[in-house]
Structure formats: C-alpha cells, structure tokens
Amino acid sequence: MSEEKPINHLIPWTTRGKLLVIYAAVFEFLLMVATPIVANVPHSIGGFPGIWVFTNAVGWLWIILGIATGYMKR
Amino acid sequence: MAIEARQAIVLGMVAGYIILILIIGGLGRFVRLKEKTLTEYFRPSKFAPFWAMWFAMGANMHTAFAIPGSMGFYYSHGAAFTVHWVWTVGTAMIFMYLVGPRMHLLSAKYGHVTLSDMIGDFYKSKGLAAFVALFVSAANIAYFTANIIGPATLLSFGTGGLISFDWAVWLVVLIVMAYTVPFGFRSVFYTDILQGAVMLLATWGSAFFILSMFGWNSWALFGKVAEVSPKHLTLPGGVGWMTPTIWFSWPFFAITIQWGIQPRNYQYYQLAKSAEDVRKMCLWIPIYLSAIYVPVVILGLGTKALMPEPPKVGVWTGPDAAFPTIMAQYAPALLWGILIAGSVAAGQSTMDSDLVAHSGMLINDVYKAFLKRDASQTHYLAAGRVLVLVLGIVAGVISTQAAKLPIVTMLVGVSGTFVMVLLPTVLGAILPMGGFRITKWGAFWSILIGGIVGLVTTFPIQLGLPKYLLNPYGFHSAFWAFIATWIVAIVISLATPPPPRDSIERFHVFLDRELKALYPPAKAKA
C-alpha cells in the first residue's frame, strides 16, 4: 500500500475550484428557483419573452465566468 | 411517380449528407482500427483534438429532441422550454467537469473499456458490472427508438412520402450501422463532427428564415404570439405543465445529471488527448449545447404565431407536426433539406454512440465476463461487431412497431431516470466522500430501488397503482427517484462492508495524487 494518505475531499479545493462551485450554486439557484418568481413576464428586451431574456442572461454569464475561471492557474 | 423540383432538392440534400457521412465514417484512413482489439473498437483513446471534441461531443449529447423535438415542445409549452439552461450549462459545468477528467485518468491507468467495467473494478464485483450494463441497456435500447422515429418521421414527411416511414427508419439505422459495425467508436467520433456542424446550421438557418417572415422584427413575432396565445410567453406555459415545482425538478433531476454520466459520454471522455483536454472541453461545451436551443424560441413561437392550431388532418398531425408543416410550405427547398438532414444528424449522432457504448458494456461486462471468458481478442471483436449489428436491427424493428408496444413508451419515459440513479454508484467510485464509502450492496440496491421509484412515479396508472403517485406533490418523478436512490445508497452502505482497501488505493488515492500533480495546491507550488 502507498504511504501517501488520501485527501478525502470532493475536488481540489483551489481558488478556481471554489469559484466554480459558487457559480454552480448561484446560477443553478437563479435558473431553477428564482426564474419563475422574478422573470415570469410576457415581454421584455427586444420583444422577446422576459423568461427567455432572463435565462439567457444568466446562462451566458455562467458560461463566460466559468470559462474565464477555468483558465485560472489554480 | 413524378418528383417535383422541391422534392428533388430535398432528396439531393439528404443524399449529399448521407454520402458525406459514409465517406467520413467509412472511407477515411482515420477511422481504421489501429489494432484488432475489443478496447480499440469500443473505447479508442487519446487522439481527438480539442476543437473536434467540442463539435462531436455536442452532437453526441443532443438527441433527436433537439431537432425536431424542441420545436414541438416550444409550440406546446411556449417560452417554458428556456428552462433548458439548467441542463445545457449545468450538466457540463457541474457533472461533466467533476467526472470527465477522473474517468479519463482511471481508464488510461487501468484500461477500463466501459462505464460498467470501471464500476465493477472499484466495487470488485463483476456481477454489479453486469447488472449495470443490463439495467442501463434495457432502458436505453428503447430510447434508441426516439432517435430513429423522430428523424424518420421528418424524412418521410419532408420527401412528401417518397420515402415511407418504414423505409426512412431503415435508412437512418442502416447508415449508422454502415460505419459503426466495421469501425466502432472511431467512426462515431468523426461522423459526429460533421453531424454537429449540420445541426447548428439547421437550427440557426431555420431561425433566420422564420424571423424573416416577420420582417426581421422580433416585436412583431412575439406580439403576434401575445395575441394568439399569451400563455405561451409565461409559465406554466401553453398547456399548464411547467409549474414552479416541475420547473425546479424536471430539468435538473431528469436531465442534467444523467446527461453527464451517460455510458456514451464515458467513451467520449477517453477520446481526448489528456484529462486537461477533457476539463477544458467541459468548460467550452456549454456554448454548443446552449447555442442549438437559443434560436429555437424563434422556430417554436414563430410557428405558433403563423399556425395557432396544429395540423389536424394529413399524414402528420399534432403539435410536433406544426413546425415541419410551416417549413415544408414556406421554406426554400435548400433550407428545408438542411433541416431534414439536421434532424437525421441529431438522431444518428446519439444513436451511433449509444449503439457502440451499450454493445461494449454487454460484450465486455456480460459476455466476456460470464459467458465466454477466455476467447481471443479476434473473437471478442467479431462478437462486438455482431452485437452492434443485432442491436441496430432490434432498434429498427422496435421503431417500426413502437406505436403498438406500450412497454417501449414506458422505457423511453424512464430511460433518463434509469441512468440518473447510477449517480451514487459512479461518485462512490471516483470521488472520496470523507470517511463515508458507497459499498457494493449500497450501489446495487440504490440503482434497483431508485429505478423502481422512478417507474412507479412516472407510470402509476399503467401499473395499476393510485394516480396520486404520479409526480407526487407536483415534483417530477426523477426528483423522487433521486431522493430514494441516495437514501438507499447511504443506509445500505452504512450497514454493509466498505469497498476493499485496494480499491480505495487504486481509485481514490490514485486520483488524489494525479489531480494534485495536475493542479498543485498553493503551498506545494510555492
């Protein structure tokens, strides 16, 4: 057996890892719980349904922040 | 029968797509097996460039639900479909990011061929591996039909019946078998790249066309929808299904989780050149997964504005037929042809990887492990090819008979849940959870009970059970299956012997060491 002691954590707990976990929690909360409450309006920017605009904004922000954070050194 | 110019163009576009697919999937030197082994056929590894993985895996993940299913969903439920963001980003940024690099590292180290092979190795149980292979295959082989029936219906409709539905089914299936049977997963990968590109072109091209019908004015489009059906612009949507509880529970528990741990994804994680490539691909792939659906709001709701009531007569009726009917009537033949090719691509790009991934599990973890243990690689390779052929034919037959087989509808309905309930088993193998370990029996019972709860809360009436068991308290059945599978996994695991120390050493300690080497902690770096 290896002498190395396993670290019993879910992910490498780096700044990058912490930020990605925070994004997942915040953005999934916004999408799964907040959207029906705050964005359930018929029309919004450019005539598109409010719910479509809100989820697109949240989704693209998550993607942009996720990629930027994912390229941090650690 | 005389063929009209429009039909000829559509046929030409589809024929062009098929020829390209067969060239890429069957003639290119890239798809040839590097060695005649089971592993090379079912799980080739470390050759795919990052950009190609992005296209191919995106196409592989999107099923026929992308084209034409999502347009029909928008037409019925309205803007509620924008809930897709929960899974088109969440799947990759959470589950794929977590499991993808780990599965890649483990397979590279120990040579696991399939997802069930990896599970069996960690829990030291060939029986569990075989159970997982059979359990998931039973549901997903039925789901193959969804990826055949959708494109075949559109292909038959789009050619004005020149290709009958049954012939369209066999055309979709035979093309896939033409490249998967000889070349396995390599051909899946290369064809998926083209299919991914065609799918993007089809949805975005169609969206620009539909918007042009409203003078490029989105206010006019959605203003018209507000007139004909204001319910389509808000929740709970056109038919009242997307309540806050369904919005919360359906996309995450029924789709997000299983999408990241599907057996076909396991094969894909191995294609990347390194674990770091898998990680980066997980960061970038949400762009593809979401971009397919972004313009569909124009397609589904534009159709609602143009055709408030779905077709009630003709060869194809109901909400799913509305968008194709508009496109058949108004779209330029070239675009209509691309859309039909895009639909075929969406179904085939998932079906091919499913076909090879599930055949791999059945050959490696059932046939090789229990039925014929000491045969040569040549034998297993031949058996694998025969199984891909047989499963393809079975899927084709079921597709032509699906309307008469209620069991198929039931299995399709719970196939995602049947994969989702693997989560504790998969995470138990690849993620240390403090002092707690998922055990072999915890894994087995969590899959079985989770699957049963999913089945009962999805189809209580068909099973002769009380109606209140259907999506209890308004939460989707997958939510209850998720809770059940974790409770069972935890309780049984606490009461049964943990995995052997050797498994912890080979999986958890190994991954810990590899990940620390890849991403050193701050103090180690200093």
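The model is a predicted one, in which local features need pLDDT of at least 70, side-chain atom pairs count only at pLDDT 80 or more, and totals for chains, interfaces and linings use all residues. Residues are numbered from 1 along each chain as its sequence is written, while chains are lettered from A and ligands numbered from 1 in the order in which they are written.

Within α22(B), B:F507, B:H508 and B:L511 are buried, that is, 20 or more other C-beta atoms, placed from the backbone, lie within 10 Å of their own. An α-helix has 3.6 residues a turn, so residues three or four places apart point the same way. The cover over the buried residues of α22(B) includes α5, α6 (115–122) and α19 (423–430) of chain B.

Next comes the meeting of the two chains. The contact draws 39 residues from chain A and 47 residues from chain B, two residues being in contact if their C-beta atoms, placed from the backbone, lie within 7 Å. On the side of chain B that touches chain A, the elements giving two or more residues are α5 (85–110), α10 (218–228), α11 (244–261), α13 (275–291) and α22 (501–518). Of these, α22(B) gives the most, with nine residues. That side of chain B has 32 nonpolar, nine polar and six charged residues; Ala, Val, Leu, Ile, Met, Phe, Trp, Tyr, Cys and Pro count as nonpolar, Asp, Glu, Lys and Arg as charged, and the others, Gly among them, as polar.

Chain A itself has two helices and zero strands, where helices (H or I, at least four residues) and strands (E, at least two) are DSSP runs, numbered from the N terminus. Of its 74 residues, 27% count as buried.

Chain B is divided into domain 1 (5–401) and domain 2 (421–508), with bounds from an automatic or database domain assignment. Their contact takes 23 residues from domain 1 and 21 residues from domain 2 of chain B. On the domain 1 side, α11(B) gives the most, with eight residues.

Conventions
A residue is buried if 20 or more other C-beta atoms lie within 10 Å of its own, exposed if 12 or fewer, and partly exposed in between; C-beta atoms are placed from the backbone.
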